[in-house]
Each structure stands twice: as structure tokens, then as C-alpha cells.
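This report describes one protein chain for a reader who has not seen it before. The structure comes first, and the description follows.

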Amino acid sequence: MAERLHLGFRFLADRDLAVTRRYGLVHAHGGEHGEDVPTPTTAVLDRSGAVRWLWISDNFQVRPDAAEVRRAVRGLE
């Protein structure tokens, strides 16, 4: 997606939930059929990998405001 949109940053696709589990962001049995699913999370990391902005929700339908995420990303420049 980042390449298609010509963005200068990467997105993480964690299909097997390995990273999600490492950070304790799994909603156990929260899927439609009782499968483990990721807790809705948006993180902005700097080039060294340090988390500079973090948003976590307990509701999969709620996402952070795009303007707020943009401000966090711009704060890294």
C-alpha cells in the first residue's frame, strides 16, 4: 500500500500475529469464529524503532483520527 500511494514509510502486515503476540496486543478469541485477532493499534515509530506515538482501542470499529496520525508522523521530521 505504501508503494502504491507513494508514501515514505512502511506498513506492518502481521498475518500470523507474531508481532502482535510479542507486544501483548492479541484479543484472544475475539474473532467472528473465536479465533485470536489483533487489538486495533496504530503506532508511529522513528527510524531507530522507538515508539513515538501509540493508539490502542478495545473496539475494532474505532480508529484514530487521520489528522492526529499525520501530526505524529510529521513530528518525526
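## His-29 and its loop

His-29 is exposed, at a relative accessible area of 61%. Here exposed stands for over 50% relative accessible area, buried for under 20%, and partly exposed for what lies in between, with a 1.4 Å probe and protein chains only. His-29 sits in the loop between E1 and E2, and has a positive phi of about 60° although it is not a glycine.

The model is a predicted one, in which local features need pLDDT of at least 70 and side-chain atom pairs count only at pLDDT 80 or more, while totals for chains, interfaces and linings use all residues. Residues are numbered from 1 along each chain as its sequence is written, and side-chain values use heavy atoms, with hydrogens and water left out.

Gly-30 belongs to the loop between strand E1 (26-27) and strand E2 (37-38). With a relative accessible area of 33%, Gly-30 is partly exposed. Leaving aside residues up to four places away in sequence, Gly-30 touches Glu-35 and Val-37; a contact means heavy atoms within 4.5 Å. Thr-42 is twelve residues from Gly-30 in sequence, and their C-alpha atoms are 18 Å apart.

## The chain as a whole

The chain has two helices and four strands. Its elements follow the order α-β-β-β-β-α from the N terminus. Both kinds of element are DSSP runs numbered from the N terminus: helices are H or I with at least four residues, and strands are E with at least two. Along the principal axes, the C-alpha atoms fill a box of roughly 40 × 25 × 20 Å.

Of the 77 residues in the chain, 19% are buried. Among contacts with a separation of 6 or more, 13% are between residues 24 or more positions apart. The chain exposes about 6600 Å², and carbon and sulfur atoms supply 50% of that area. Such areas come from the Shrake-Rupley method with a 1.4 Å probe, and for residues only the protein chains shown count as cover.

## Charges and salt bridges

There are 11 positive and 11 negative side chains, and the centres of the two sets are 8 Å apart. Lys and Arg count as positive and Asp and Glu as negative, while His and the chain ends are not counted. Each charge is placed at NZ of Lys, CZ of Arg, CG of Asp or CD of Glu.

Side chains of opposite charge can pair when their charged atoms come close. Two salt bridges are found in a search of the whole structure, each being a side-chain nitrogen of Lys or Arg within 4 Å of a carboxyl oxygen of Asp or Glu. In one of them, the side chains of Arg-21 and Asp-36 meet at 3.2 Å, N to O. This pair links distant parts of the chain, with Arg-21 in helix H1 and Asp-36 in the loop between E1 and E2, 15 residues apart. Arg-21 is partly exposed at 45% relative accessible area, and Asp-36 is partly exposed at 27%.

Arg-52 forms a salt bridge with Asp-46, and the closest N and O atoms are 2.7 Å apart. Arg-52 is exposed, with a relative accessible area of 53%, whereas Asp-46 is buried at 17%.

## Before and within helix H1

Leu-5 is placed in the segment before helix H1 (18-22) and counts as partly exposed at 44% relative accessibility. Together with Leu-7, Phe-9 and Phe-11, Leu-5 makes a nonpolar surface patch of about 370 Å². Patches take residues with over 30% relative accessible area and no salt bridge, joining like charges within 9 Å and nonpolar side chains (Val, Leu, Ile, Met, Phe, Trp, Tyr) within 5 Å.

Leu-17 is also placed in the segment before H1. At 9% relative accessibility, Leu-17 is buried. Leu-17 has a positive phi of about 65° although it is not a glycine. Thr-20 lies in helix H1 and is buried, with a relative accessible area of 11%. Apart from residues up to four places away in sequence, Thr-20 touches Asp-14, Leu-25, Val-26 and Pro-38.

Asp-58 is found in the loop between strand E4 (51-56) and helix H2 (66-74). Its relative accessibility of 77% counts as exposed. Asp-58 and Thr-39 are 19 residues apart along the chain, and their C-alpha atoms are separated by 6.5 Å.
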